[in-house]
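Take a slow look at the fold before reading on. Then follow the side chains through it, one group at a time.

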Amino acid sequence: MKNLWLCTFAILLVQVAVAADSRPNVLFIAVDDLNHWTGYLGRNSQSKTPHIDRLAKMGLRFNRSYCAAPVCNPSRAALLSGMRPSTTGVYDNGNDWRKVIDAEKTLPTAFRKAGYRTYGAGKIYHGSFDRQSDWEDYLEDEGKDPKPQGNTGV
């Protein structure tokens, strides 16, 4: 349960690569733990999220969204498969979702079957249970948190 609120960002990038295609580009950002702490939702005035706010104005935004489970791995498995934890049996961060959710049932696979190219980055599948075959390319270990500079008070 220690990891319950430690999961921060998961970013799923799905992009159209066909130049003459009329399908829209899709950028899917899945964020657990950010909750309603974004400016465009107007619930927490102390939150300053200008880039997310600007992005929200340009596309479809969800003002009411809920997670399937209060733990990272089952929540992410549900989001990317459309199946509830009660269906998959993935209830904890230590459950390997890949054993119970076939690759054909994931959101990236659905986009690929529709002719999209899929790219991923971040901690999408809880880090320890990645499935590289879901992606054309997956950005790994880039953009890590910056190291503190100067006196850190330690």
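The structure holds two aromatic pairs. Rings of Phe, Tyr and Trp (its six-membered ring) pair if their centres lie within 6.5 Å; planes under 30 degrees apart are stacked, over 60 edge-to-face, and the rest tilted. Phe111 and Tyr116 are edge-to-face, because their planes stand at 90 degrees, with the ring centres 5.2 Å apart. Trp135 and Tyr138 make a tilted pair, with 5.7 Å between centres and 50 degrees between planes.

A word on the source: this is a predicted model, where local features need pLDDT of at least 70, side-chain atom pairs count only at pLDDT 80 or more, and totals for chains, interfaces and linings use all residues. Residues are numbered from 1 along each chain as its sequence is written, and side-chain values use heavy atoms, leaving out hydrogens and water.

Phe111 has 19%, so Phe111 is buried. Tyr116 is buried at 11%. Trp135 is buried at 6%, and Tyr138 at 10%.

Arg23 lies over its face, 4.5 Å from the ring centre. The rule asks for NZ of Lys or CZ of Arg within 6 Å of the ring centre and within 35 degrees of the ring normal.

Now the charges. Side chains of opposite charge can pair when their charged atoms come close. A salt bridge is a side-chain nitrogen of Lys or Arg within 4 Å of a carboxyl oxygen of Asp or Glu. The count comes to three. Arg98 meets Asp96 at 2.9 Å; Arg98 is partly exposed at 33%, whereas Asp96 is buried at 18%. Lys113 meets Glu104 at 2.6 Å, and Lys113 is exposed at 62%. Glu136 and Arg112 meet at 3.3 Å. This pair links distant parts of the chain, 24 residues apart: Glu136 is in the loop between strand 3 (117–122) and strand 4 (137–139), and Arg112 is in helix 4 (residues 107–113). Helices (H or I, at least four residues) and strands (E, at least two) are DSSP runs, numbered from the N terminus.

Which helix is mostly covered? In helix 2 (residues 72–81), nine of the ten residues are buried. Among them are Cys72, Pro74 and Leu80. Gly82 follows helix 2, with a positive phi near 80 degrees.

Definitions and conventions: Buried < 20%, exposed > 50% of the residue type's maximum accessible area, 1.4 Å probe, protein only.
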